[in-house]
Amino acid sequence: MMENREDLELNDRLQLIESMIAEGRRTTEKWAWTFVLWGVAYYVAIAWSAWGNATLAWPVTMIAASVVTGVVAGRIKSNKAKTTSGRAIGSVWMAMGFTLFALLMSLSVSGRYDLHVFVAIIGAMLGMANGISSMILRWKMQFACAGVWTATAVAACFTTDNQVSVIFLGAIFFCQIVFGIYGMIAESRRHGRSAAHA
Amino acid sequence: MPELPELNPVIHGKLRLALLSLLVGVEEAEFTWLRARTGSTDGNLGAQLAKLEEAGYVAVEKKFVLRKPQTLYRMTEAGRLALGEYVQAMKQLLGGAIGG
């Protein structure tokens, strides 16, 4: 009887270890809002370049979106734990952001800017970053977004100006706005569950 | 009859075990995050973390972020080793009863 009680207590300890390890590894960071923010930033830049100053629209909007992302992320980041997978995903997006900015700025300044090249580069880079994130997180929805961005990049090479614009606007809507809102809902549900668990 | 292993008393405490298990899955964690995950009070959590620090199982780093104090905890190699040995000892003690 006594031995049984001790076994139960030890099993209880093992279950505690398992549940706490799982809790620690669960992604706690909230990043879905950045998809919505950058989706809106893309739309602002497209609208501004179409009806306003085409030279300034993209660099100014992208810098503004980067600043807003940095400030908001800095404020949200308190009360967290750092995980290796979180750092890996963050590194991919940061590297992609810097590369994309440097490349597009260089194309723009050198006068080699072309709508098809522009959409192909954005599509390829976002397809790669979403693909890596989705494989680390094992998130099918994000993997689908990676597919859409890659398809957009390929389509940009074979379509007309009007077609590529429509494809780009559609990809932003589905992979930034819709996916971002879906991610925010998923994160708030997960947060609710872990708060109840704690 | 084979000799049964002894369980490390520093780790065996339920809250200390929960803390080490949480820290093994992350690179570093804030005090507030650990408190939320364990549902512990500030005083109890601080006391148990101090015991783990004293044993050399966790390392503490205090800093200021946006003028707010932040206390970060990370598991040391000694802590990782001790938790591994603890789990092995427990499995040995449980023997056939494990998972049942």
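Helix α3(B) is followed by Gly39(B), which has a positive phi, near 70 degrees. The model described here is predicted. Within α3(B), the buried residues are Trp33(B), Leu34(B), Arg37(B) and Thr38(B). Viewed down the axis of α3(B), these buried residues fall within an arc of 120 degrees, so they line one face of the helix.

The contact between the two chains involves 25 residues of chain B and 21 residues of chain A. On the chain B side, the elements giving two or more residues are α2 (14-24), β1 (28-30), α3 (31-38) and α5 (77-94). Of these, α2(B) gives the most, with seven residues. By class, this side of chain B has 16 nonpolar residues, four polar residues and five charged residues.

Strand pairing also links the chains. Strand β1 of chain A, residues 81-82, pairs with β1(B). The sense is antiparallel, and the pairing runs over two bridges. Ala81(A) stands opposite Ala29(B), a residue of β1(B).

A further backbone feature lies in chain A. Most residues other than glycine have a negative phi. Arg138(A) is not a glycine, yet its phi is positive, at about 55 degrees. Arg138(A) is found in the loop between α5 (115-137) and α6 (140-156) of chain A. Arg138(A) has 8 C-beta neighbours inside 10 Å and therefore counts as exposed; the cut-off for an exposed residue is 12 or fewer.

Methods:
Residues numbered from 1 in each chain as written. Chains lettered and ligands numbered in written order. Predicted model: local features only at pLDDT ≥ 70, side-chain atom pairs only at ≥ 80, totals over all residues. Contact = placed C-beta atoms within 7 Å. Helix = DSSP H or I, 4+ residues; strand = E, 2+ residues; numbered from the N terminus. Nonpolar A, V, L, I, M, F, W, Y, C, P; charged D, E, K, R; others polar. Pairing = 2+ DSSP bridges. Buried ≥ 20, exposed ≤ 12 C-beta atoms within 10 Å, placed from the backbone. Arc of directions from axis to C-beta.
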